[in-house]
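User: I'd like to go through this model with you, one question at a time. Could you take a look?

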Amino acid sequence: MESHQTESSQDLRDKTDKTLEDEREKTDEHLEQKTQEVEEKTNEKLRSIRLATDTARESQREEVDLAKEQQCELTGILPTRLDEKLLVQEREGSDKSQAVERGEEDRARAEERVQKQLIAETEALLEKERKNTNSALLEERVHIDQELITRDHFLAIVSHDLKNSIVAISIAAGLIRKRLSRDAVDAVSIFNHLGGIEQAAEGMDRMISDLLDVERMAHNQLKLKPENIDCCALLQECVDLFAPIVSSKSFSMTIHTSTEPIFANIDHDRILQVLSNLIGNSLKFTPNGGTIELSVRKQETQVEISVTDNGPGIAEEAKVQIFERFSQLTMNDRRGLGLGLFIAKWIVETHKGRMWVTSELGKGSRFSFTLPLTASI
């Protein structure tokens, strides 16, 4: 299947290249034809000018010869003196005709140069556009190749993680069956196995939910349900939600809020999802016994919420990468699919807010995001 898809993709690229090449050849032929047409038009114009000039000269000479004969008959002036006078007139007329001819030729040549210059500028513009097209096409193909590699890697990771969860559930269920088949039932052991099943199921549910969210985001179908929510109460809800996990890891979690409620027009469940992701990451990457601080403060028309930990911190070059889709797929210490922060950032930005991180290696991280106090979602 993969080989067939690769061949089809290559066939499409070859077809695109051939189409571009054919179109460019046609364009080049058209421009060359236009140049030839300009030259032929100029040459034809010059031939017409010269023919008209020659005709005018011939007519003028005939008039001079006729005038000479008439003048001789009427005045009886000697031909030599008359020839000199008429020759001067003829030269003046010839010079005038020649000047007119040269002026017409100069105008025709000038017009030809202008048209050729326009064609040359068109060719230069086309060459520039071709280079830009080639560059954009190459960049797009590299991006597509990277997307395909990432997709294949991603599918392998998802399949592996889901299979691991299924295997864990299967093993735990088998052990419970085995325990129940005995005369003496070990309740503690069974509860532990049930906890493992629940944990594996929660992981699968979270993974599938993230995948569905990304799919909805891609089709602009992830809708918000805004309501007037007290952000201070929302942080307290997070503390209560994570209390069992925080206690089991010997973490300390504190809240810094104002004495007055801070209301914002937000989707309660989605912002809770954002906070849960940030708190979950702090718990995941910070060693046992660490500290997590939640804070909320009002800033003119916005509310700023932060989650701070004293974990290992984030390298400078990774601060942008961590908000990208599948960011953890390339990490040696991979924990999850790398969709959480990508989705969290999207949710915040859909609320017309923004998200960022400040961090220093060895000193912890602070993830912050803003939400409009009177959001128009």
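Here is a set of questions and answers on the fold, the sheet, the helices and a few loop residues.

User: To start with the overall picture, what share of the chain's residues count as buried?

Analyst: Keep in mind that this is a predicted model. The chain has six helices and seven strands, and from the N terminus on they run α-α-α-β-α-β-β-α-β-β-α-β-β. Of its 377 residues, the share that counts as buried is 31%.

User: In the open sheet of five strands, which are the edge strands?

Analyst: The sheet has mixed pairing, and its order is 2-4-5-7-6. An edge strand pairs on one side only, and that picks out strand 2 (252-256) and strand 6.

User: And how large is the average twist from one strand to the next?

Analyst: This one is about the open sheet with the order 2-4-5-7-6. Going from one strand to the next, the twist averages 15°.

User: Which residue of strand 7 is the bridge partner of Asp309?

Analyst: Follow the pairs across. Thr308 stands opposite Arg366 in strand 7, and Ser359 stands opposite Ser365. The bridge partner of Asp309 is Ser365.

User: Why is strand 7 described as largely enclosed by the rest of the structure?

Analyst: Buried here means under 20% relative accessible area. Strand 7 covers residues 364-372, and it is largely enclosed because the number of its nine residues that are buried is eight.

User: Which residue takes a positive phi in the hairpin of strand 6 and strand 7?

Analyst: That hairpin has three residues between the strands. The phi in question is near 85°, and the residue that takes it is Gly362.

User: What about residues other than glycine: is Ser250 buried or exposed?

Analyst: Most residues other than glycine have a negative phi. Ser250 has a positive one, near 60°, and lies in the loop between helix 4 (231-248) and strand 2. The cut-off for exposed is over 50%. At 54% relative accessibility, Ser250 therefore counts as exposed.

User: Where is Lys352, and what is its relative accessible area?

Analyst: Lys352 is not a glycine either, yet it has a positive phi of about 70°. Its place is in the loop between helix 6 and strand 6. Lys352 is exposed, and its relative accessible area is 53%.

User: On to the helices: which residue caps the N-terminal end of helix 5?

Analyst: Look for a side-chain oxygen 3.2 Å from the backbone nitrogen of Asp269. The residue that supplies this oxygen is Asp267.

User: How far apart are the end C-alpha atoms of helix 5?

Analyst: Helix 5 (residues 268-285) has 18 residues, and at 1.5 Å a residue these should span 26 Å. Among its buried residues are His268, Ile271, Leu275 and Leu283.

User: How do helix 3 and helix 6 cross: left-handed or right-handed?

Analyst: The axes of helix 3 (residues 187-218) and helix 6 (residues 340-350) come within 10 Å and cross at roughly 45°. That angle makes helix 3 oblique to helix 6. As for the hand, the crossing of helix 3 and helix 6 is left-handed.

Conventions: Residues numbered from 1 in each chain as written. Predicted model: local features only at pLDDT ≥ 70, side-chain atom pairs only at ≥ 80, totals over all residues. Heavy atoms only, no water. Helix = DSSP H or I, 4+ residues; strand = E, 2+ residues; numbered from the N terminus. Expected span 1.5 Å × (residues − 1). Buried < 20%, exposed > 50% of the residue type's maximum accessible area, 1.4 Å probe, protein only. Polar contact = N/O pair within 3.5 Å; in protein donor to acceptor, adjacent residues only side chain to side chain. Pairing = 2+ DSSP bridges. Axes fitted to C-alpha atoms, helices over the stretch in contact; angles between N-to-C directions. Parallel < 35°, antiparallel > 145°, perpendicular 65-115°, else oblique. Left-handed = near helix turned anticlockwise from the far one by under 90°.
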